[in-house]
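Let's take a walk through this model together, starting with its charged pairs and then stepping back to the whole chain. Keep the structure open and click along as you read.

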2 protein chains.
Amino acid sequence: MPEKLLEPNRAPEPISLLVTLDKHYVPQLLVLLTSIYLNNPGEEFQLYLMHNNLPKACRQRIAVCCRKFGYSFYPIAVPDELFQQAPTNSRYPKEMYYRLLAAQLLPEQLERILYLDPDTLVINPLRPLWQTDMQGELFAAAAHVGKTDLTKNVNKIRLKTPTDYYNSGVLLLNLSLGRQEIVPAEVFRFVEEHEKTLLLPDQDVLNAMYGRRIVPLEDVIWNYDARNYGTYMLRSEGLCDINWVLKHTAILHFCGKAKPWKPHYIYRFGALYLHYMQLAERMLNA
Amino acid sequence: MPEKLLEPNRAPEPISLLVTLDKHYVPQLLVLLTSIYLNNPGEEFQLYLMHNNLPKACRQRIAVCCRKFGYSFYPIAVPDELFQQAPTNSRYPKEMYYRLLAAQLLPEQLERILYLDPDTLVINPLRPLWQTDMQGELFAAAAHVGKTDLTKNVNKIRLKTPTDYYNSGVLLLNLSLGRQEIVPAEVFRFVEEHEKTLLLPDQDVLNAMYGRRIVPLEDVIWNYDARNYGTYMLRSEGLCDINWVLKHTAILHFCGKAKPWKPHYIYRFGALYLHYMQLAERMLNA
């Protein structure tokens, strides 16, 4: 009989993951979970899903996937009433607050949690990220460095923040501290006052309100913009070539409009994503 | 506890694999075996390795890998004396005969075996190939269709065969029939007589001697030349795009001089191969 290859001796402390999504992103979440499973042998995960009326069939598909992988699954239906005082509309749906207010919405025993966008793919172990020293800050996140520093500077001016513009797609949350320091009413007030200048609501609020309270992560390892291979190569003077990326990068982020599961995706990591779609389908329908 | 995800109910009949390699290709074999394991849940494999003085440490690495995957492993040291009458030199090493004479060299109870070059990667299940109807022929193989039919026609003339020029990197062998019909002395005589026109010894002999006894396989599924994405697209009038390939192609063949594990590999499936190198290293060193 084969050894239990993907479940050797488990590490003592499980890694807690947070996702928030609507029904359209369930297939991508299953691909992400498959990639986490195959690239984190020996790890135990618990998945928290914060949602608003996600259909039962969707929750069940996620539950079945977690059971197959041996992960605990905690769906949390976030009641609308919590956001009665919050400015929401089609551009600012209430889901935009889930990440920022996770400390208030999640069980008290959780000290930290790793939020991942469902358009990410994990290709190496997450434990080093999980064990990041939070240095007394509220979040850890990576700034996406674009082809020039132009975007970064525009965002700095727009949001009146001296820090880098952090991407909120991979976010390690210090929940213990967040319970003390993040005040929902302040977040709601900020959105109300800045309604006209916010472009990407949750990410903008994160940067404007908490930009100084973020431990910076290396984007090339923890939040690799899958469209920007050339930029990373250039920035690293050739170090971060394809060999380096596949060996060291842990999280590929398929951000932006082009998606590898949609037609005509042209970027380099598309085949890898499609292969994980196939692995996920095969493993979950076996 | 997680379900045994990659080892659900096993299929009744194991799939027998044949590889022949020297010590330089052991890392690639481990990557190939990892890809077979992850993409063939529920399957049992038995691996036959025909070799000539492969160092013990290499055989042990392969044995450890097979044990982890639950595969039986049968290393077969092929004695030099068998090839005393065979023309061999640096261009025609005796290993070139292993594939052709497998019926004579392997245990009698084996009825068929699937030979794979170690520069292949399996990304979908192999069972449909394993169950190919041999139609009373000796081999099943795929012809690589190049950008034009020029190469094919040159090879037809060179080897005086009216059939397609088959690639010998993925080869299903009808051993029962081979024991009756393949005569080692005839193979040796053919090589002796054609020494000057043979370019790729084993592949040329396969085509020239047995070209008419080969069941043709679809190369786009069973022996996809990883350099030729554009050709497959063109030939299929756009059907075999990247989505199609990741869903249907079972064996990617990294043939030719450029290899994804060497620097400066430029073709599309390089990242996928490198990721499997990483998966193999992680799973086998866990």
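A salt bridge here is a side-chain nitrogen of Lys or Arg within 4 Å of a carboxyl oxygen of Asp or Glu. With that in hand, go to Glu43(B) and Arg127(B), which form a salt bridge whose closest N and O atoms are 2.6 Å apart. This pair ties together distant parts of the chain: Glu43(B) lies in the loop between helix H1 (26-39) and strand E2 (45-51) of chain B, while Arg127(B) is in helix H4 (residues 127-130) of chain B, 84 residues apart. Helices (H or I, at least four residues) and strands (E, at least two) are DSSP runs, numbered from the N terminus. Both Glu43(B) and Arg127(B) are buried, where buried means under 20% relative accessible area, exposed means over 50%, and partly exposed is in between (1.4 Å probe, protein chains only).

Before going further, a word on what you're looking at. This is a predicted model, in which local features need pLDDT of at least 70, side-chain atom pairs count only at pLDDT 80 or more, and totals for chains, interfaces and linings use all residues. Residues are numbered from 1 along each chain as its sequence is written, chains are lettered from A and ligands numbered from 1 in the order in which they are written, and side-chain values use heavy atoms, with hydrogens and water left out. The predictor's confidence in each residue is pLDDT, from 0 to 100; its mean for chain A is 89, and 90% of the residues there reach 70 or more. The model's scores are ipTM 0.87 and pTM 0.90.

Back to the charges. Stay in chain B and find Asp119(B) and Lys259(B), whose side chains meet in a salt bridge at 2.7 Å, N to O. Here too distant parts of the chain are linked: Asp119(B) is in the loop between strand E4 (112-116) and strand E5 (120-122) of chain B, and Lys259(B) is in the loop between strand E10 (251-253) and helix H12 (270-285) of chain B, 140 residues apart. Asp119(B) is buried at 7% relative accessible area, and Lys259(B) counts as buried at 8%.

Now hop over to chain A. Arg127(A) forms a salt bridge with Glu13(A), with the closest N and O atoms 3.7 Å apart. Arg127(A) sits in helix H4 (residues 127-130) of chain A and Glu13(A) in the segment before strand E1 (15-20) of chain A, 114 residues apart. Arg127(A) is buried, with a relative accessible area of 14%, whereas Glu13(A), at 39%, is partly exposed. Across all chains, the structure has 20 salt bridges.

What about disulfides? A disulfide means a pair of cysteine sulfur atoms within 2.5 Å, and the structure holds 0 of them over all chains. Cys66(A) is in none; the nearest cysteine sulfur, that of Cys65(A), is 5.4 Å away. In chain B, the sulfur of Cys65(B) is 5.4 Å from the closest cysteine sulfur, in Cys66(B), so they are too far apart for a bond. Cys66(A) counts as buried at 1% relative accessibility, and Cys65(B) counts as buried at 1%.

Finally, zoom out to chain A as a whole. Its secondary structure comes to 12 helices and 10 strands, and 59% of its 286 residues count as buried.
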